[in-house]
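Reader: Can you walk me through this model? I would like to start with a helix and then move on to the sheets.

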Amino acid sequence: MRSASLNAIMQAEIGTRWGEETLMAQYLLFATERYALPILQPLSDALQAAGHGVHAWLVDGAAGSRLPAPVQVIDNARQAVALRPRAVFSAANWVPTFVSGPKVQLFHGFNVEKRDAARGHFRVRGMFDLYCTQGPATTLPFRELAEQAGHFKVVETGWPKLDPLFGPEDALAQQWRAQAGGRQVVMFASTFTERLSAAPHLYERIAAQVASGERFWLLTLHPKCAPELVERYRALAGANAVFVETEQLVSAERAADVLVADTTSVVSEFVVQRKPVVTFRNRAPKPHMIDFDAPDQLPQMLQRAFNPDPLLREALAAYADDIHPYRDGHSSQRVIAATERLLKGELGPLQRKPLGSLLRGLQIRKDLGYWGPSAR
């Protein structure tokens with residue numbers, strides 16, 4: 001270590017005091033994967049509309065991506081520390097703890113039960129001061145965890161990523177609907193987790209559907225999927241299908257009438273609109289899903305989805321209200337308001353972070369190549 005002793009760094013990682021200045025404040029958006037960009041963009045827009053400066057620090061899988069100007073890019077840890085942001089918003093599982101300001105968790109997806117609770121959605125790593133939850137299904141468990149831990153707060157805000165889902169008309173969604181020419185629109189999305197992915201199993205059936213031209217398809221795969229599989233689906237684009245990039249997911253969700261997927265969190269995003277979903281071998285199938293396990297059943301499943309019965313409609317509405325009841329497109333504003341309440345102390349005091357978070361902070365320093373002082 002070059003500029004601080006181990007003890008000094010660990011003491012700095014315990015936490016910093018947050019300033020009270022709000023006029024023209026600077027905020028930092030942090031992401032480690034491309035799929036975080038559509039989560040951060042609505043929040044960036046809301047911060048800029050309120051007159052604040054917005055900076056993005058994109059590392060690992062998000063490196064090389066950009067948020068549109070006037071967002072400014074932070075290239076390294078030293079620049080992030082020097083910025084002294086009023087708050088850091090993360091759409092990743094971790095966040096650089098040595099940067100100033102409270103660390104706010106936005107989540108990179110819904111809880112789709114890919115893993116058990118101890119390893120998945122409800123895992124608390126001791127790095128965040130505020131969890132902005134999406135709806136009752138997430139809020140209630142995190143509030144119980146907050147009461148036990150004492151070192152973070154929980155406010156239900158809704159998810160910034162879905163703000164555009166309920167905002168003004170979406171030009172790209174309208175373009176795809178126009179390309180469909182009055183045909184039913186189906187979206188296909190798949191997770192990158194190999195044992196859960198529908199993409200290898202359904203390719204031939206989807207390719208046949210696209211070739212028939214009966215419906216118009218919006219095709220997308222998780223950016224971590226095998227490149228050769230992504231290219232196979234990308235090659236299906238033409239008069240009857242388009243390939244949707246990660247940053248265009250919300251537009252595709254708006255444009256589609258029905259979703260075909262697996263255990264991807266896109267299922268939950270789509271259901272928030274109360275539109276039917278067809279799932280292939282979902283890890284935890286629910287009443288709002290039309291789940292199937294044989295690829296040749298796809299045509300029948302689509303027929304059911306385009307003719308939902310009352311029970312399915314009720315299940316869709318109930319699940320949507322549980323995971324994300326907000327349909328006003330203002331979740332980003334609620335995130336900003338919750339962060340301001342935390343900064344002003346209106347959410348109550350926070351206890352000291354656990355020792356494990358200090359050790360994680362040291363690992364983050366190592367990964368990011370920064371051994372300088374924490375911002376205060």
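Author: Helices (H or I, at least four residues) and strands (E, at least two) are DSSP runs, numbered from the N terminus.

Reader: What kind of model is this, and how are residues numbered?

Author: This is a predicted model, where local features need pLDDT of at least 70 and side-chain atom pairs count only at pLDDT 80 or more, while totals for chains, interfaces and linings use all residues. Residues are numbered from 1 along each chain as its sequence is written, and side-chain values use heavy atoms, with hydrogens and water left out.

Reader: Which residues of helix 6 are buried?

Author: Ala-199, Leu-202, Tyr-203, Ile-206, Ala-207, Gln-209 and Val-210. Buried means under 20% relative accessible area, exposed over 50%, partly exposed in between (1.4 Å probe, protein chains only).

Reader: And what follows helix 6?

Author: Gly-213, with a positive phi near 75°.

Reader: OK, strand 9. Which residues cover its faces?

Author: Phe-216 and Leu-218 are buried on one side, Trp-217 and Leu-219 on the other. In a regular strand the side chains alternate between the two faces of the sheet.

Reader: What does strand 9 pair with?

Author: Strand 8 (residues 185-188) pairs with strand 9 in the parallel sense over four bridges, and Val-185 has Phe-216 as its bridge partner. Strand 10 (residues 241-243) also runs parallel to strand 9, joined by three bridges, with Leu-218 opposite Val-242. Two strands count as paired if DSSP finds at least two bridges between them.

Reader: Different topic. What is the strand order in the seven-stranded sheet?

Author: The order is 3-2-1-4-5-6-7 in an open sheet with parallel pairing. Strand 3 (72-73) and strand 7 (153-156) stand at the edges with a single partner strand each, so one side of each has no neighbour in the sheet.

Reader: Which residue is opposite Phe-30?

Author: Ser-90 in strand 4. Strand 1 (residues 26-31) and strand 4 (residues 87-90) pair in the parallel sense over four bridges.

Reader: Last one, Val-250. Buried or exposed?

Author: Val-250 counts as buried because its relative accessibility is 9%. Val-250 is in helix 8 (residues 249-255).

Reader: What does Val-250 touch?

Author: Leaving out residues up to four places away in sequence, Val-250 touches Lys-161, Pro-164 and Leu-165; contact means heavy atoms within 4.5 Å. The C-alpha atoms of Val-250 and Pro-164 are separated by 7.0 Å, with the two residues 86 residues apart along the chain.
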